[in-house]
Amino acid sequence: MSRTYDRPIAIQRINETTETWEDAYKVHASINKTKTDNQYLDAGSIRSKKNLTFEIRYFSDLEDISFNLQAYRIIYQGVPFSIEDYDDYMLQHRSVKILGVSY
């Protein structure tokens with residue numbers, strides 16, 4: 001079965017000099033919800049975090065993310081997602097799954 005990469009996302013990197021987020025890559029992803037979304041109480045209101053898996057076609061520049069998770073984030077539909085995990089299955093360099101958690 002062929003995977004469809006049809007959702008546009010931006011992968012941003014923090015500029016350590018200016019401390020601002022800058023677009024590093026604009027790619028298309030296949031997106032899937034992972035586990036249940038986390039809900040917690042914050043000052044009497046319920047807030048939830050979305051956990052999504054972004055699967056994208058591999059390209060070599062992505063490898064930097066695997067060593068610097070905190071330096072990158074994903075923007076999907078205007079929502080920022082911190083990168084919690086990076087998986088290049090068995091280092092086959094076909095596709096990469098990135099776990100993102102909204103904040």
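These are my notebook entries on a predicted model.

**Ground rules**

I number residues from 1 along each chain as its sequence is written, and in this predicted model I read local features at pLDDT of at least 70, side-chain atom pairs at pLDDT 80 or more, and totals for chains, interfaces and linings over all residues. For side-chain values I use heavy atoms, with hydrogens and water left out.

**Confidence**

I looked up pLDDT, the predictor's confidence in each residue, from 0 to 100. The chain averages 88, and 85% of the residues score at least 70. I found the lowest confidence in strand β3 (residues 38-42), with a mean of 52, and the highest in β6, at 98. Helices (H or I, at least four residues) and strands (E, at least two) are DSSP runs, numbered from the N terminus.

**Aromatic rings**

I looked for aromatic pairs, meaning rings of Phe, Tyr and Trp (its six-membered ring) with centres within 6.5 Å; planes under 30 degrees apart count as stacked, over 60 as edge-to-face and the rest as tilted. The structure holds 3 such pairs. One of them is Phe54 with Tyr76, edge-to-face, 6.0 Å centre to centre and with 75° between the planes. This pair links distant parts of the chain, with Phe54 in strand β5 and Tyr76 in strand β6 (residues 72-76), 22 residues apart. I then noted Phe54 with Phe81, also an edge-to-face pair, at 5.4 Å centre to centre and 75° between the planes. Here Phe54 in strand β5 is linked to Phe81 in strand β7 (residues 79-87), 27 residues away in the chain. Phe54, Tyr76 and Phe81 form one aromatic cluster. Phe54 and Tyr76 are buried, and Phe81 is buried too. Buried means under 20% relative accessible area, exposed over 50%, and partly exposed in between (1.4 Å probe, protein chains only).

**Salt bridges**

I counted a salt bridge where a side-chain nitrogen of Lys or Arg lies within 4 Å of a carboxyl oxygen of Asp or Glu. The count comes to 3. Asp64 and Arg13 meet at 2.8 Å, N to O. Asp64 lies in helix α1 and Arg13 in strand β1, so this pair ties together parts 51 residues apart in sequence. Asp64 is partly exposed at 29% relative accessibility, and Arg13 is partly exposed at 28%. Arg7 and Asp6 form a salt bridge at 3.7 Å, N to O. Asp23 pairs with Lys26, the closest N and O atoms being 3.4 Å apart. In that pair Asp23 is partly exposed, at 41%, whereas Lys26 is exposed, at 64%.

**Ser102**

Is Ser102 buried or exposed? I found it buried, with a relative accessible area of 9%. Ser102 lies in strand β8 (residues 95-102). Its side chain reaches the backbone nitrogen of Lys50 at 2.8 Å. Leaving aside neighbours within four places in sequence, Ser102 is in contact (heavy atoms within 4.5 Å) with residues including Lys50, Val79 and Phe81.

**Loop residues**

Glu19 has phi near 55° and sits in the loop between β1 (7-15) and β2 (20-33). Gln77 has a phi of about 50° and is found in the loop between β6 and β7. Glu19 is exposed at 65% relative accessible area, and Gln77 is exposed at 64%.

Last, I looked at Asp61, in the loop between β5 (51-57) and α1 (63-67). Asp61 is 36 residues from Tyr25 in sequence and 9.3 Å from Tyr25 in space, C-alpha to C-alpha.

Key: Polar contact = N/O pair within 3.5 Å; in protein donor to acceptor, adjacent residues only side chain to side chain.
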